[in-house]
Amino acid sequence: MFSIPGKQALTLTDSAVDRIAGLMRKSGNYGLKIGVKKGGCAGMEYTMDFVDQVGRHDEVIEQDGARVIIEPMAQMFLFGTRIDYRTSLLESGFHFENPNVVDSCGCGESIKFKES
């Protein structure tokens with residue numbers, strides 16, 4: 001819907017690919033669907049859910065066994081994003097490096113995008 005021909009909306013690091021592919025194998029789901037919704041103290045939040053089907057206007061990104069599906073309304077917010085999976089002593093999880101984000105809350109769970 002909002003995609004640019006020949007250009008993926010986002011890229012995945014090797015660790016993100018490994019984690020997504022491993023979770024897909026374990027759950028048996030088709031892929032990981034990413035979206036955005038209103039919420040949190042900064043205004044927007046990422047959503048992530050494993051799904052078994054792709055919507056008509058979803059963008060699908062496949063990389064080395066990992067499959068990410070982007071909701072149509074999230075595509076414009078995710079252009080240029082790099083997704084990493086990080087593990088530390090205190091936490092582990094997906095990290096979005098999104099050039100469209102101008103602010104985030106202190107807990108890192110919600111974000112604010114550039115206004116057009």
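The legends below describe close-up views of a predicted model.

In this predicted model, local features require pLDDT of at least 70 and side-chain atom pairs count only at pLDDT 80 or more, whereas totals for chains, interfaces and linings use all residues. Residues are numbered from 1 along each chain as its sequence is written, and side-chain values use heavy atoms, with hydrogens and water left out.

View 1. Asp-58 is found in the loop that joins β3 (44–51) to β4 (59–63); strands (E, at least two residues) are DSSP runs, numbered from the N terminus. Asp-58 counts as buried because its relative accessibility is 12%, where buried means under 20% relative accessible area, exposed over 50%, and partly exposed in between (1.4 Å probe, protein chains only). The Asp-58 side chain makes a polar contact with the side chain of Lys-33 at 2.9 Å. A polar contact is a pair of N or O atoms within 3.5 Å; within protein, one must be able to donate a hydrogen and the other to accept it, and residues adjacent in sequence count only if both atoms are side-chain atoms. The side chain of Asp-58 also reaches the backbone nitrogen of Gly-55, at 2.6 Å. With neighbours within four places in sequence left aside, the residues in contact with Asp-58 (heavy atoms within 4.5 Å) are Lys-33, Ile-69, Ile-70, Glu-71, Pro-72 and Gln-75.

**View 2. Asp-52 and its contacts with Gly-28, Asn-29 and Tyr-30.** Asp-52 lies in the loop between β3 and β4 and counts as exposed because its relative accessibility is 56%. Its side chain makes a polar contact with the side chain of Asn-29 (2.9 Å). A polar atom of the Asp-52 side chain lies 3.4 Å from the backbone nitrogen of Tyr-30. The C-alpha atoms of Asp-52 and Gly-31 are separated by 6.7 Å, although these residues are 21 residues apart along the chain.

**View 3. A nonpolar surface patch formed by Tyr-30, Val-54 and Val-60.** Together, Tyr-30, Val-54 and Val-60 have about 200 Å² of accessible area, as given by the Shrake-Rupley method with a 1.4 Å probe; for residues, only the protein chains shown count as cover. Val-54 lies in the loop between β3 and β4 and counts as partly exposed because its relative accessibility is 33%.

**View 4. Salt bridges, including the pair Glu-97 and Arg-86.** A search of the whole structure finds six salt bridges. In one of them, the closest N and O atoms of Glu-97 and Arg-86 are 2.8 Å apart. This pair links distant parts of the chain, with Glu-97 in strand β7 (residues 92–97) and Arg-86 in strand β6 (residues 81–87), 11 residues apart. Glu-97 is partly exposed at 26% relative accessible area, and Arg-86 is partly exposed at 38%. A network of salt bridges links Arg-82, Asp-84, Arg-86 and Glu-97.

**View 5. The salt bridge between Glu-62 and Arg-67.** The side chains of Glu-62 and Arg-67 meet at 3.2 Å, N to O. Glu-62 counts as exposed at 51% relative accessibility, whereas Arg-67 is buried, with a relative accessible area of 18%.

Note on methods:
Helices (H or I, at least four residues) and strands (E, at least two) are DSSP runs, numbered from the N terminus. Patches are made of residues with over 30% relative accessible area and no salt bridge: like charges are joined within 9 Å, nonpolar side chains (Val, Leu, Ile, Met, Phe, Trp, Tyr) within 5 Å. A salt bridge is a side-chain nitrogen of Lys or Arg within 4 Å of a carboxyl oxygen of Asp or Glu.
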